[in-house]
Amino acid sequence: MEYKTTVAVIGAGHAGIEAALASARLGLDTVLFTINLDAVANMPCNPSIGGSGKGHLVYELDALGGEMGRAADLVTLQSRTLNLGKGAAVHSKRIQADRALYKIIMKKTLEMQNNLRLVQSEITAITTEMHDGKRRVTGVVTHLGETWEAEKVIIATGTYLESEIFVGYRSYPSGPDGMMPSRGLSASLAEAGIKLMRFKTGTPARVNKRSIDFSQLEEQNGEEHITPFSALSDEERLNSMEQIPCHIVYTNAETHGIIRDNIKKSALFSGKITGTGPRYCPSIEDKIVRFADRERHQLFIEPCGKDTEEMYIQGFSTSLPTDIQYRMLRSLRGFEHAEIMRYAYAIEYDCADPTQLFPTLEFKDISGLYGAGQFNGTSGYEEAAVQGLVAGINAALSAKEEPPMILSRSSSYIGTLIDDLVTKGTKEPYRIMTSRSEYRLLLRQDNADLRLTEEGHRVGLIGEERYAAFLKKKAMTESEIKRLEQTVISPSEENNALLVSLGSSPISTGIRLSELIKRPELNYDSIAPLDTGRPRLPAGVVTTAQINIKYEGYIKREREEAERQKRLEGKRLPPDLHYEDIKGLRTEAAQKLSAIRPISIGQAATISGVNPADISVLLIYLSAGEKDRSENKSGNA
């Protein structure tokens, strides 16, 4: 038997799935390895997809041709759009997902994909060789002793690398949800020169639904109209389904007292855990310590699926002993008789320092080797999925000797996430947030397709039929904006009466519809009686048109800054540039630039420790180099 493939993907979590599907769909022979086929597409923590910033990632992934958004729409139990009380830039879709159904759908998708083999086998080592003075990956080794040759290898091991579970004083080697950990691969990676870090995350207990008194809880229903994550989804089907409610409960003085009295029994505070945990998703004991003045903390009670009684307690993650977990839970209103089905735990695991990667997610010192997902120091299914997609696309493009796909900060949250990781690195599990982008108004979830579908089509993941539908939507949006900017409403008693009734000022001269929409108290729907020639348009077209008009001035300013950044990203830096030899460059900047090895001036500008003066020095250096090359060329001619 010959064990050989073009692209080998290690791990079938959310990163590995997107990487393998992208590679296979781009025509490359691909093998996806997983420790256990029953863990494919597992959601070991929250049974949800999307959320603040994360929803943007899912829309962007779909626009590029990824799979998560389509599958999420098929398993939606409840949908809500967060931050509707704030500006359009931070509106973020989040769904409760049927955890078991999601796994079934994704596994079947992998099994039916051409050019893709799904193999249950643990990878314990990578193989490399020196080629033209540089190390490159040549394959992987399984725990059964098989050596698979591979041109490209993508590591998407999630939280499995040398993972250890902590509950109180007890700890044991284990992956999430009782799965086997990955043993041996960390040592192989370290031997190959990869710098590893130790991170920690955790999960709350799962409680039997029939043991909860829901009459004591606040009910939280889904939104009235559901906008799909994916352009391929059936919006009518989504909106015809019955949504399952979630519920809210609060911790109280008794809960906090139990935690404080037993804080030293927590693995987090006893010293057993050495890994760094997520700042933005702390355990409940960490919250009690950090926010000692808070009288209560909000918890969300969420279903894990239609065909299970398991309920997830969002916000109640802990590593306290099991008896304390019972006492904490039963101190909550409605949980006096709660029955735990799965205990909460903390998990420690190995991951790589992401500054070792190029923006393509390929390792700088080992060609053909890529990292994706929590292996790169991130947290969350969505962050993992988009990295997997980028790694899979770039591995395939490299194998086909085609130009890579590098997304800029100004193009997407995906670009922002990757730039943050490979340029700044991370000291804790990285989570995307809308506040991480300086181009929030440009990078909305409603216009993700307008921003990225062209790129998805260029690399080959967006087919012609879908691309034609995208072009039609784009044309409709542009046409509607133009119509609203050109249509003038005349002053009349009837028109002014309507404006006054809407809390707006009457008009004394003709006014364009676009100017009315810009008024804070008015919107596209409220001025419908004034707009008698309005065409029937899809909701997505209306949303994007209205936002582009309402925030026109702000969007223009951000676009100008984005164009400036784009020009900087177009100025490429040689990979072998000796920064310490550049006159005028500060020592700290030279050291940071040498360590990160940015591919462009744009990336260099985002490195911590590199200031605008350093960028000016680099621009002058590049300009002088271009002048020398031009003069040499002229002289040779």
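This is a predicted model: local features need pLDDT of at least 70, side-chain atom pairs count only at pLDDT 80 or more; totals for chains, interfaces and linings use all residues.
On one side of helix H15, Glu-493, Glu-494 and Ser-501 are exposed, where exposed means over 50% relative accessible area, buried means under 20%, and partly exposed is in between, with a 1.4 Å probe and protein chains only. The helix covers residues 493-501, and its buried residues are Asn-495, Asn-496, Leu-498 and Leu-499. Seen down the axis of H15, those buried residues fall within an arc of 155 degrees, so they line one face of the helix; the arc is that of the directions from the helix axis to the C-beta atoms. They pack against strand S22, at 488-489, and helix H16, at 513-518, and contact here means heavy atoms within 4.5 Å. After H15 comes Gly-503, whose phi is positive, near 80 degrees.

Residues are numbered from 1 along each chain as its sequence is written, and side-chain values use heavy atoms, with hydrogens and water left out. The helices (H or I, at least four residues) and the strands (E, at least two) are DSSP runs, numbered from the N terminus.

Let me turn to another pair of helices. The axes of helix H2, residues 54-64, and helix H13 come within 7 Å and cross at roughly 35 degrees; such axes are lines fitted to C-alpha atoms, for helices over the stretch in contact, and angles run from 0 to 180 degrees between N-to-C directions. This crossing of H2 and H13 is right-handed, which is to say that the near helix is turned clockwise from the far one by less than a right angle, anticlockwise being left-handed. Among the residues that meet there are Tyr-59 and Leu-64 in H2, and Leu-452 and Glu-455 in H13.

Which loop holds Glu-438? Glu-438 is found between helix H12, at 413-424, and helix H13, at 448-459, and it is partly exposed, with a relative accessible area of 39%. Leaving aside its neighbours within four places in sequence, Glu-438 is in contact with Arg-409 and Glu-558. The side chains of Glu-438 and Arg-409 are joined by a polar contact of 3.1 Å, that is, a pair of N or O atoms within 3.5 Å, where within protein one must be able to donate a hydrogen and the other to accept it, and residues adjacent in sequence count only if both atoms are side-chain atoms.

Now to the strands, which count as paired if DSSP finds at least two bridges between them. Three strands form an open sheet in the order S3-S5-S4, with antiparallel pairing. Strand S3, at 48-50, and strand S4, at 76-82, stand at the edges with a single partner strand each, so one side of each is left without a neighbour in the sheet. S4 pairs with strand S5, residues 92-97, over six bridges, and Leu-82 stands opposite Ser-92 in S5.

Finally, two hairpins. Strand S7, residues 123-131, and strand S8, residues 134-142, pair in the antiparallel sense over eight bridges, and Asp-132, in the turn, has a positive phi of about 50 degrees. Strand S10, residues 164-167, and strand S11, residues 170-173, are antiparallel over four bridges, with Gly-168 taking a positive phi near 65 degrees in their hairpin. S10 is also joined by three bridges to strand S19, residues 345-352, which runs antiparallel to it.
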